[in-house]
Amino acid sequence: MSSTLEHRRLKLSSRLYNTSDLMAGSSLWKSYLYQLQQQAPQPKRIVCNNHVENKPDHYGRECHGAISREEGDRLLAQAGEGSYLVRESQRSPGSYTLSLRFGGITKNFKLFYDGSHYVGDKTFDTLHDLVADGLITMYMETKAADYIAVMVSEPIYEHHSKFTTVDGRKKKVEKKEVKIDEDLNKVNKTLNDEVDSPTKIRQIEEITPSSYEKPHNFKVHNFVGPNWCEYCGNFMWGLIAQGVKCTDCGLSTHKQCSKLVPNDCQPDKRLIKRVYSIDLTTLVKAHNTTRPIVVDKCIKEIETRGLESEGLYRVSGFNDDIEMVRQAFDKDGANAKIGKSEYNDINTITCALKLYFRQLPIPVIAYEVYQEFVSAAQKPTDKEKVALTHKAIQRLHELKPAHYQTLKFVINHLYNVTKYKNKNLMTAENLGVVFGPTLLRSPDAESLASLGNMKFQQTVVEVLITNHDVIFDL
């Protein structure tokens, strides 16, 4: 069969489960690569019956000592496909080579050991496992290279039932018609109403936590037993490190398929082990909340009993108590108890909230828009500061809607704090000093420029508090 015809046959095979098949109820999972792996040569070690002096403990009877390449080739040729042995280099004593029979020829690989046998980023407990995985990989790459090259062209991702349920990964966006009163510039929501007046109609999206864009957090994973890629539907071959798995939602794919998965991760609370130090968007999607639970609970507690407390947010609480609040949220989440009976000192709660912001991997005012906010704060007039900060807020809303919702809530709270400045002594300027480095961090935190931007970070927060009603009016 010509290579062109073979390539067409493989493409046809990769399309075995097309859309019409899926709609008819056919299996999503494609078995070609699974069946192929079953045909891969099995490892057969060539045992050495002679005593080998100074043999490393991590090699067994497959180690033949310092035999020649030719002798190794002769032994393997007799044993056939999948046979292997270990020999010591005659030119470099102390170095060892794996000689392996595959495709009718002997292949030689330098061996490495650091407590485990390893090849690249794969580690193995035994040499036998390393050989078995290598045989599978070489066999698949030899027999199915064309198939593997095109398997991503017919993804099953959108048809996978796991992703089309109410709680699945599909964005749940409710579209509503909006009637805009051009004279008063007021927006009135209507749902499926016919509008006869000469007004503009547009579609907007009702943002919910599940609709926030979030990339998957893929890590190389060792799957136990047969596993299939949840993007292309093909078998993930090999014995270890067969693919990658999202540590936030559990999605499993081939490494090459992971690059094509959309930014639609829906984190699973069972996989998110804590609250602090977790990406903000990941947390709100996992808990299906508009803002992080820490922010809502702490601010509610502060506004209930702490707005008149002198030096609010400037006075420190006890470190042990702050750590206990953090542990309570990490353990109990929304059920964490932080009331007055547990923590009489409100400064414990304010410090726990600030600690949460400081430990975010991406700050509330995300790195992508950091410079826009700082540039706005550097303008000479208040009018320019407000106008450019408003634009920066719009960008934050577009790029990181969960961060925008959190920032808006926090700034509204800080504005409430300033209403009691005669008692708590916390003006917008004072709060800027506290929250500037808490809500903003330079992407290059150790540069001289970032140190010079400290005062502008304070200005950003002060401008946000003072003009919150205008700046957050999107």
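In what order do the 3 strands of the open sheet stand, and is their pairing parallel or antiparallel? In this predicted model, in which residues are numbered from 1 along each chain as its sequence is written, local features need pLDDT of at least 70 and side-chain atom pairs count only at pLDDT 80 or more, while totals for chains, interfaces and linings use all residues. Side-chain values use heavy atoms, with hydrogens and water left out.

The strands of the open sheet follow the order β10-β11-β12, with antiparallel pairing, where helices (H or I, at least four residues) and strands (E, at least two) are DSSP runs numbered from the N terminus, and two strands pair if DSSP finds at least two bridges between them. Because β10 (218–221) and β12 (252–253) each have a single partner strand, they stand at the edges, and one side of each is left without a neighbour in the sheet. Strand β11 (residues 243–246) is joined to β12 in the antiparallel sense over 2 bridges, and Lys 245 stands opposite Ser 252 in β12.

In helix α4 (residues 69–79), Gly 72, Leu 75 and Leu 76 are buried, whereas Glu 70 and Gln 78, on the other side of α4, are exposed (buried means under 20% relative accessible area, exposed over 50%, and partly exposed in between, with a 1.4 Å probe and protein chains only). Seen down the axis of α4, the buried residues fall within an arc of 95 degrees, so they line one face of the helix; the arc is that of the directions from the helix axis to the C-beta atoms. These buried residues pack against β2 (83–88), β3 (96–102) and β4 (105–110), with contact meaning heavy atoms within 4.5 Å. Gly 80, which follows α4, has a positive phi near 95 degrees.

Helix α13 (residues 382–399) packs with helix α18 (residues 454–466) at an angle of about 90 degrees, their axes being 11 Å apart (axes are lines fitted to C-alpha atoms, for helices over the stretch in contact, and angles run from 0 to 180 degrees between N-to-C directions). The two helices α13 and α18 are therefore roughly perpendicular to each other. On the α13 side, the contact is made by Lys 385, Val 386, Thr 389 and Ile 393, and on the α18 side by Thr 459, Val 463 and Leu 464. Helix α12 (residues 367–377) and α13 pack at an angle of about 170 degrees, with axes 8 Å apart, which makes α12 roughly antiparallel to α13; angles under 35 degrees count as roughly parallel, over 145 as roughly antiparallel, 65 to 115 as roughly perpendicular and the rest as oblique.
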